Amino acid sequence: MAAPVYIRTKQSIYVQPLSKVRLADVARVTGSKRHMSELEQMVLHQVAEEDRNIVVIDSFMIVEQVLDKFPQMELELIGPNQCVVHVEKHKRQPSPILICAIWILLFIGAAMAIMNFHYDVSMQSVQQKLHFMLTGEEEEHPLWIQVPYSIGLGIGMILFFNHWFQKRFNEEPSPMEVEIFNYQEDLDHYVAIKENKVEKQDVDR
């Protein structure tokens with residue numbers, strides 16, 4: 001009895017327009033070495049214009065095409081049931097003026113959010129009362145509290161997002177990266193169900 005071939009499907013991949021999607025692109029293949037190179041180079045899908053920017057390769061489609069070529073082969077599937085293929089369009093580089101405009105807009109928006117929060121919680125009066133409690137004197141602008149607080153606020157935001165421009169302080173992902181990852185995972189899961197050709201065939205029956 002021949003040793004089984006194990007196929008582990010990837011969650012998602014990125015390909016160029018009009019490219020050929022091979023088994024080695026969407027899955028990791030191991031097991032019997034007999035037909036390994038043929039398996040890995042087997043074309044599962046040819047990306048066409050009508051595919052737009054997303055193609056779903058279902059594990060059932062993989063099994064169907066592999067067994068069509070190698071009827072006696074024993075397959076074992078592990079990992080995700082679908083692989084979402086993202087077709088990357090050629091994008092032109094964004095304009096530096098546009099980048100600066102977006103950066104300024106985000107900077108102003110973040111500053112307004114922080115100032116509105118401080119106004120809502122009466123941060124200035126809190127700092128004035130703190131100054132009075134510590135010194136016994138009233139001061140409208142206790143800068144010795146406000147300046148370190150402002151610096152600490154900025155440093156805290158940098159440490160929270162774990163980035164200083166392109167520099168990362170440690171290997172932990174930032175909260176923004178985690179949210180983007182979760183969003184991409186939910187999006188891939190949604191697309192894997194809605195754009196799955198196997199699922200559509202079952203619905204049409």
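1. The chain has 8 helices and 10 strands; helices (H or I, at least four residues) and strands (E, at least two) are DSSP runs, numbered from the N terminus. Before going on, bear in mind that this is a predicted model, where local features need pLDDT of at least 70, side-chain atom pairs count only at pLDDT 80 or more, and totals for chains, interfaces and linings use all residues. Residues are numbered from 1 along each chain as its sequence is written, and side-chain values use heavy atoms, with hydrogens and water left out.

2. Overall dimensions. The radius of gyration of the chain is 28 Å, while a compact globule of 205 residues would come out near 17 Å; this radius is taken over C-alpha atoms, and the globule rule is 2.2 Å times the number of residues to the power 0.38. Along its principal axes, the C-alpha trace spans about 90 × 40 × 35 Å.

3. Of the 205 residues, 23% count as buried (under 20% relative accessible area, with exposed over 50% and partly exposed in between; 1.4 Å probe, protein chains only). Among contacts with a separation of 6 or more, 58% come from residues 24 or more positions apart; contact means heavy atoms within 4.5 Å.

4. The E4-E1-E7 sheet. These 3 strands form an open sheet in that order, with mixed pairing. Strand E4 (27–31) and strand E7 (75–78) stand at the edges with a single partner strand each, so one side of each has no neighbour in the sheet. The twist averages 20 degrees from one strand to the next. E1 and E4 run antiparallel and are joined by 5 bridges, and Arg-8 stands opposite Arg-28 in E4. For the bookkeeping, two strands pair if DSSP finds at least two bridges between them.

5. Thr-9. This residue is found in strand E1 (residues 5–9), and at 1% relative accessibility it counts as buried. A polar atom of the Thr-9 side chain lies 3.4 Å from the backbone oxygen of Pro-80. Leaving out residues up to four places away in sequence, Thr-9 touches Val-26, Ala-27, Ser-59, Ile-62, Ile-78, Pro-80, Gln-82 and Cys-83.

6. The E2-E8-E6 sheet. Here is another open sheet of 3 strands with mixed pairing, in the order E2-E8-E6. Strand E2 (12–15) and strand E6 (54–58) are at the edges, each with a single partner strand, so one side of each is left without a neighbour in the sheet. From one strand to the next the twist averages 25 degrees. E2 and E8 pair in the parallel sense over 4 bridges, and Val-15 has Val-87 in E8 as its bridge partner.

7. Gln-82. You'll find Gln-82 in strand E8 (residues 82–87). Which side chain does the side chain of Gln-82 meet in a polar contact? That of Asp-58, at 3.4 Å; a polar contact is a pair of N or O atoms within 3.5 Å, where within protein one must be able to donate a hydrogen and the other to accept it, and residues adjacent in sequence count only if both atoms are side-chain atoms. The C-alpha atoms of Gln-82 and Asp-58 are separated by 4.4 Å, though the residues are 24 apart along the chain. Beyond its neighbours within four places in sequence, the contacts of Gln-82 include Thr-9, Lys-10, Ala-192 and Asn-196.

8. Asp-58 and helix H3. Asp-58 also caps the N-terminal end of H3, with a side-chain oxygen 2.7 Å from the backbone nitrogen of Phe-60. Within H3 (residues 59–69), Ser-59, Met-61, Ile-62 and Val-66 are buried. Viewed down the axis of H3, its buried residues fall within an arc of 155 degrees, so they line one face of the helix; the arc is that of the directions from the helix axis to the C-beta atoms.

9. Helices across the sheets. H3 lies across E1 and E7, at about 160 degrees to E7. Helix H7 (residues 175–194) lies across E2, E6 and E8, running at about 105 degrees to E8. Axes are lines fitted to C-alpha atoms, for helices over the stretch in contact, and angles run from 0 to 180 degrees between N-to-C directions.

10. Asp-51. The Asp-51 side chain reaches the backbone nitrogen of Ala-48 at 2.8 Å. Not counting residues up to four places away in sequence, Asp-51 touches His-45 and Gln-46.
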